[in-house]
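Open your viewer and switch to the cartoon display. We will go from stop to stop, selecting a few pieces each time.

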Amino acid sequence: MMESYIAVLTKGICQSEENGSFLSRDFDGRKAYLAGSIKDIVSQFGMETVILHTALMLKKRIVVYHPKIEAVQEFTRTLPALVWHRQDWTILHSYMHLHAEELEGLQMCTGYIAGFVELEVSNRPDLYDVFVNLADSEITIAPLAKEAMTMGKLHKEIGQLIVQSAEDPEKSDSQVIQDIALKTKEIFTHLAPFSEVSDDGGKVILNVEALKQQRFPPATENFLYHLAAAEQMLKV
């Protein structure tokens with residue numbers, strides 16, 4: 001077994017008379033990422049899907065509730081596809097309990113998607129910036145997160161694109177994800193003119209004054225600022 005494991009790890013293939021051949025390329029991780037349906041999420045939440053997209057872009061804490069664990073897991077597994085450019089499914093904590101030891105580990109994360117089957121989690125605003133009641137198709141923004149999550153014209157444009165793409169019967173889920181990813185890339189181009197290399201040459205940082213001088217609508221400027229913060233582009 002160890003020989004087979006090492007063969008897959010180093011060569012991507014192992015063969016045996018009993019079990020035939022195993023090719024790692026036949027099990028592309030991205031296929032698992034696409035197992036859920038973005039189109040189903042948009043069908044349920046419509047324009048409010050942009051709240052989920054914004055929360056993920058800003059690396060906020062999302063808590064999802066449904067009494068059935070299968071529904072929680074399918075929904076939460078799909079959400080990271082809204083920020084496909086990050087390719088980060090490590091933010092997923094699809095089955096959590098309101099136990100102190102579990103919550104202690106969760107609260108050490110800066111941003112996450114956490115699934116619960118206990119409705120009591122709705123009374124724990126210390127655990128979330130955005131609460132999704134999947135059973136009732138409701139999305140709630142926590143009071144302390146509303147300033148960073150202020151919606152404006154840019155968010156309306158993003159929401160309309162998501163809905164229009166998802167409602168197109170000719171488009172697959174992967175094509176919808178691609179459309180959202182292209183829009184996300186466009187958002188980052190808004191930051192590019194106001195970004196500069198730090199004095200030590202270590203990383204790209206946001207020139208906040210240059211951003212303010214552009215005179216974007218307040219909600220757009222606010223979003224871009226918080227996006228830069230999420231991407232660790234603010235000068236400390």
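Predicted model: local features only at pLDDT ≥ 70, side-chain atom pairs only at ≥ 80, totals over all residues.

Strands of a sheet pair through backbone hydrogen bonds, either parallel or antiparallel.

Next, select β6 (residues 130-133) together with β7: they pair in the antiparallel sense over four bridges. Look for Val 130 opposite Ile 141, and for Asn 133 opposite Glu 138. Four residues lie between the strands of this hairpin, where Ser 137 takes a positive phi near 55 degrees.

Stay with β7 (residues 138-141) and show its side chains. Which residues form its covered face? They are Ile 139 and Ile 141, while Glu 138 and Thr 140 make up the uncovered one. In a regular strand the side chains alternate between the two faces of the sheet.

For the last stop, select helices α8 (residues 173-191) and α10 (residues 218-230). Their axes come within 10 Å and cross at roughly 95 degrees, so α8 and α10 are roughly perpendicular to each other. Show Ile 187, Phe 188, His 190 and Leu 191 of α8, then Phe 223, Leu 224, Leu 227 and Ala 228 of α10, to see the residues that make the contact. Seven of the contact residues are nonpolar, one is polar and none is charged.

Definitions and conventions: Residues numbered from 1 in each chain as written. Heavy atoms only, no water. Axes fitted to C-alpha atoms, helices over the stretch in contact; angles between N-to-C directions. Helix = DSSP H or I, 4+ residues; strand = E, 2+ residues; numbered from the N terminus. Parallel < 35°, antiparallel > 145°, perpendicular 65-115°, else oblique. Contact = heavy atoms within 4.5 Å. Nonpolar A, V, L, I, M, F, W, Y, C, P; charged D, E, K, R; others polar. Buried < 20%, exposed > 50% of the residue type's maximum accessible area, 1.4 Å probe, protein only. Pairing = 2+ DSSP bridges.
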